[in-house]
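Student: I would like to go through this structure term by term. Please say what each word requires before using it.

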Amino acid sequence: MRSTQDPALLRAFAAELKSRRAELGFNQEELAFAAGLNRTFVAKLETATTSPSLTSLVSLCEGLTVEPSELMRSLMKRYKKELRT
């Protein structure tokens, strides 16, 4: 089965991830280390070229010290704005 990804959702996630990382003063490598992920994967997420798995999403939340529910609420707000543009 072919995966269909929503470009607007990917852009919204990328923006939210970058924003939260910046708030912490982390560079991509520091976030990747805190989340137990690869820096190039974080870069791909921030350029909206890939989407995280559920496991990676939870790891990112741990690295960002944010609850997944809070991240998803913020993501959905950005996504709705992205759809309007």
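Tutor: Contact means heavy atoms within 4.5 Å. Leaving aside neighbours within four places in sequence, R20 is in contact with L64, V66, E70, L71 and S74. This is a predicted model, in which local features need pLDDT of at least 70 and side-chain atom pairs count only at pLDDT 80 or more, while totals for chains, interfaces and linings use all residues. Residues are numbered from 1 along each chain as its sequence is written, and side-chain values use heavy atoms, with hydrogens and water left out.

Student: Why is R20 called buried?

Tutor: Buried means under 20% relative accessible area, exposed over 50%, and partly exposed in between, with a 1.4 Å probe and protein chains only. R20 has a relative accessible area of 13%, so R20 is buried. R21 has 15% relative accessibility and therefore also counts as buried.

Student: What makes the pairing of R20 with E70 a polar contact?

Tutor: A polar contact is a pair of N or O atoms within 3.5 Å; within protein, one must be able to donate a hydrogen and the other to accept it, and residues adjacent in sequence count only if both atoms are side-chain atoms. The side chains of R20 and E70 make such a contact at 3.4 Å. The side chain of R20 makes another with the side chain of E16, at 2.6 Å.

Student: Which helix holds R20?

Tutor: R20 lies in helix α1, and R21 lies in helix α1 too. Helices (H or I, at least four residues) and strands (E, at least two) are DSSP runs, numbered from the N terminus. The protein has 5 helices and 0 strands.

Student: How do you know that the protein is as compact as a globular protein of its length?

Tutor: The radius of gyration is taken over C-alpha atoms, and the globule rule is 2.2 Å times the number of residues to the power 0.38. For 85 residues the rule gives 12 Å and the radius of gyration of the protein is 12 Å, so the protein is as compact as a globular protein of that length.

Student: Which residues of α2 are buried?

Tutor: They are Q28, L31, A32 and A35. E29 and F33 are exposed, on the face of α2 turned away from its buried side. What covers the buried residues of α2 includes α1 (7-24), α3 (39-46) and α4 (54-64).

Student: What does Q28 touch beyond four places away in sequence?

Tutor: Q28 touches R21, R39, V42, A43 and E46. Its side chain also makes a polar contact with the side chain of R39, at 3.1 Å.

Student: What caps the N-terminal end of α2?

Tutor: N27 does, with a side-chain oxygen 3.0 Å from the backbone nitrogen of E29. Just after α2, G36 takes a positive phi of about 70°.

Student: What makes a set of residues a nonpolar core?

Tutor: The set must consist of buried Ala, Val, Leu, Ile, Met, Phe, Trp, Tyr and Cys residues joined through side-chain atoms within 4.5 Å. The largest such core here has 18 residues, of which F13, L17, L31, L45, L60 and L71 touch the most other members. At least two residues of this core come from each of α1, α2, α3, α4 and α5 (68-84).
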